[in-house]
Amino acid sequence: MTLLSVEDLRVGFGKSGHETEVVHGVSFEVAAGETLAIVGESGSGKSVTAMAVNRLVDFGGGRILGGRAVFDERIDVATATEAEMQRLRGREIGMIFQEPMTSLNPVLKVGAQIDEIFRKQHGLSGRAVRQASIRALDRVRIPDAARRLDQAPHQMSGGMLQRVMIAMALAGEPRLLIADEPTTALDVTIQAQIMALLAELQRETGAGLIFITHDIGLVAGLADRVLVMQGGRAVESGPIDRVLDHPSHDYTRHLLDAVPHFRAGQAVRRDGTRDGRTSALSVRDLSVRFPVGGGFLRRTRGVVHAVDGVSFDLVPGETLGIVGESGSGKSTTARAILDLVRPSAGQIDTEGRSAVQMVFQNPNASLNPRMTVRALLAEPVIAAGQRVDDTVLDRMHTLLARVELPADLDRFPHEFSGGQRQRLCIARALMLNPRVLVLDEAVSALDVSVQARVLELLIDLQREFGLAYLFVSHDMAVVERIAHRVAVLYAGRIVEMGAAQEVLSDPRHPYTQKLIAAIPSIDRRRIDYAIDTEDVASLLRPVGFTAPPQTWRQIGPDHHIATEETS
Amino acid sequence: MNYVLRRLLMFPLVMLGVSVFVFVAIRLVPGDAITAMLGTESGLLTPAQRESLAAYFGLDQNWVVQYGRWLIGLLQGDLGLSVTYGQPVSQIIMERFPLTLELALLSMLIALLIGLPAGVFAATRVERPSDLVVRIFAMIGQSTPNFVLALLAIYVLSVGFGTLPTMGRFVPLTEDPLGNLAQLILPALALGTAFAAAVTRISRAAMLDILGEDYVRTARSKGFSQSYVIWRHALPNALIPVVTLSGVEFGYLLGGAVIVEQIFALPGLGRVVLDAILQRDYALVQGVVLFIAFNFLVVNLIVDLAYAALDPRIRYGES
């Protein structure tokens, strides 16, 4: 039975009569028990389409301009009144959002936000409400549900919050569930947990599911049918196998090519050698600790061991990929090397401050919007106490040309696209002719096709200038393409390190194995994700705690794993 | 609770700082208490008489000794003797403070009762005519001096209705609650209008921000009505800046409202401070300022506790 039938849907934003259309006539159908994946890059209109289906788009300044979206063969969402939509939302159409951290009300306890659904949508009262809420959390496999209900959102991890979000969406017993990038903000192992949960709950409830994602690789494991969107239009749609194996549209083919597929060490770089080179960066027993609690008249309650005894070397022309999930200490390690946080112990050897430069994750946030390209590129020079003379201006032009940006020094960051801004950040980092670049999730915020081009640029620049890269990322497929060596971080310590080809093809540490098993792939269709509810280990230690020293076991010529469990 | 205790422990430190500051500041003002007290007659005093008067009020010692004496008295709960009133300072404060407190509370009540709904209303109708009307009124309310409003209120009441309930002897709340309220309602309105306008503007701005938040969208996706989404999900988040503003405004009002008190002939703290400064009544100025500082600390503590009550992130700390 067709649950939702969308025909020629057009959506626009702006003042009535002067709307800018962003979705130009999209059509699709979803049946009960079926999963439709809508795939596209940012600006493709996929989220707007989803928000139009339950008319939440109305509250973001948008409007359905034309077409039909018939739910349950009885009500056309495009022309329904707000009162009719309120009866549909929650009860018939549930929604899960991208950012679990911001999608729950921070001032209300988790329990209150689930209770209200049973109270207002099912008319329950008294003790029945709480019991229903406990069952709702049990259903999404949240252990110790009764206690969790009394917690505030900020006391839970992102993965836990997304499960709460799913519990809330299911509490209204909707027949159609819309999930808008539900795992994008989560770590890869947590992503696997959430995907498993969604697949299982859909089997249980028989609901239709619209799954929106930018990651075509993620779709394979879950979807029955795929709709590919570009620039507000549906460019291709069909059964999952046909679209993935025999794409008919150029853009679909392009997306499939651009997505970095993890190939278990098959795609690693073969260039470069460590032989006979002295290190450009050497880190010995680096530890970074943060006291918790403390302050005026307060006792320190504990110490977070964010980084605990990390050591590695980096030679010119080489990329060391640092992989790990949030809280593993990978960004803290990067920051400590740049002197942005103070190490508690250990030694970092570089050739002076300007020899190490950094490129951050979000190019929008790391470029001052009020500064011109000239001022942005001059900053590191000024910070190093040098004068901005003709040589510096020459270098600006050379670097801009090298990162393929127009040679106009008077432009402002908002005049560039996301990928161009990141190129600008790279040019800025190269102004002082550094030997080491620390790239902290430097391509993670970019669309896949842009990401691929920036990666290519980075590899070219590395060869040309003999740069050493410390490439911090959560994305194993990206790391596989740029790293010569890989270090896996877990709970502040390196658990496995070695040549990228060996570590990625033959991971030996249980955590590395788990991380690699969780990577989505277009080759894995309709998989049975195993549900695993394990949470990340806490890094909080008592005051005065010293971790036992790590012992290493050699697996290959350049492949070691830690044998000491670091939990 | 531990938190409240730590905050209370900081009170004496702040009070000590304020006491030194006000003690020195008032003495840096030219002129002396005895001349101010006796006016032109002070010229008739012999130096001996002047000295004995100074000795009586403890003004003959150097500053350090004077401060030391005052501090010791303070620790015993004695704020000293007012030169102009010839009464203990603490007694004067206790007589005047209930009125000031009542006036401040009434003003805040008016401000919140008008400002919050108006701000929320405007935010939900942003850029529509009703929003514009609210914003214009808020602008007028905030930019009109309270004495203009006070005079206007008296004029309307006396000319339009032929009554003047505000004048005459002040009736304390405990004596005649209704009569007291009738006396205070106009001054409270005069003080509360600008306050209400400020609350309107800040709650409108805060609501506008909050209505764009992801969790408001989540609440809508659950199928809740507009009013439920606003009052249950958005407003509690928008209250924090309102509490901040209200705390600061309320703290000021507790220091007395000189002009409004003067216009409505109310014996509040504001006029006492003004007189005391003009009269170089050191003990009274010091006592009242210290008292006002103490009130500010208490109000700040209440504001912080309100934050904690409103927002669990503050309650349990970010972690």
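Trainee: Where does UniProt place the feature "transmembrane region" in chain B?
Mentor: The unreviewed UniProt entry places that feature at residues 7-29, 103-124, 136-161, 181-199, 238-264 and 284-310 of chain B, and please keep in mind that the structure we are looking at is a predicted model.

Trainee: OK, what does the chain do over residues 103-124 of chain B?
Mentor: Over that span the chain is 100% helix and 0% strand, and its end C-alpha atoms are 32 Å apart.

Trainee: And how far apart are the end C-alpha atoms of residues 238-264 of chain B?
Mentor: Those end C-alpha atoms lie 35 Å apart, and the span is 85% helix and 0% strand.

Trainee: Which domains is chain B divided into?
Mentor: Chain B is divided into domain 1, which covers 14-86, and domain 2, which covers 90-315, and the C-alpha centres of these two domains lie 35 Å apart.
Mentor: The contact between them takes 22 residues from domain 1 of chain B and 18 residues from domain 2 of chain B.

Trainee: Which element gives the most to the side of domain 1 that touches domain 2 in chain B?
Mentor: That is α1(B), with 8 residues, although α1 (2-28) and α2 (33-38) of chain B each supply at least two residues of that side.

Trainee: How many of the residues on that side of domain 1 of chain B are nonpolar, polar and charged?
Mentor: The side of domain 1 of chain B that touches domain 2 of chain B divides into 15 nonpolar, 5 polar and 2 charged residues.

Trainee: Switching topic, how many residues does the contact take from chain A and from chain B?
Mentor: The contact takes 26 residues from chain A and 22 residues from chain B, and on the chain A side the elements giving two or more residues are α2 (82-88), α3 (100-103) and α4 (110-121).
Mentor: The largest share of that side, 3 residues, comes from α4(A), and by class the side of chain A that touches chain B has 11 nonpolar, 10 polar and 5 charged residues.

Trainee: Now for strand β18 of chain A, how many of its residues are buried?
Mentor: In β18 (residues 485-490) of chain A, 6 of its 6 residues are buried.

Trainee: Which residues of β18(A) are on one side and which on the other?
Mentor: R485(A), A487(A) and L489(A) are on one side, while V486(A), V488(A) and Y490(A) are on the other, and both faces are covered.
Mentor: As a general point, in a regular strand the side chains alternate between the two faces of the sheet.

Trainee: What sense do the pairings of β18(A) have, parallel or antiparallel?
Mentor: Strand β13 (residues 319-323) of chain A pairs with β18(A) in the parallel sense over 4 bridges, and there V323(A) has V488(A) as its bridge partner.
Mentor: With strand β19 (residues 493-499) of chain A, β18(A) pairs in the antiparallel sense over 6 bridges, and R485(A) stands opposite A499(A) in β19(A).

Trainee: Which residue takes a positive phi in the hairpin of β18(A) and β19(A)?
Mentor: In that hairpin, which has 2 residues between the strands, A491(A) takes a positive phi near 50 degrees.
Mentor: For another hairpin, look at β9(A) and β10(A), which has 2 residues between the strands and where G231(A) takes a positive phi near 55 degrees.

Trainee: Last one, which residues of helix α1(A) are buried?
Mentor: They are K46(A), S47(A), V48(A), T49(A), A50(A), M51(A), A52(A) and V53(A), and the helix is followed by R55(A), whose phi is positive, near 60 degrees.

Definitions and conventions: Residues numbered from 1 in each chain as written. Chains lettered and ligands numbered in written order. Predicted model: local features only at pLDDT ≥ 70, side-chain atom pairs only at ≥ 80, totals over all residues. Domains from an automatic or database assignment. Contact = placed C-beta atoms within 7 Å. Nonpolar A, V, L, I, M, F, W, Y, C, P; charged D, E, K, R; others polar. UniProt positions renumbered as here; feature names shortened; annotations may be inferred. Pairing = 2+ DSSP bridges. Buried ≥ 20, exposed ≤ 12 C-beta atoms within 10 Å, placed from the backbone.
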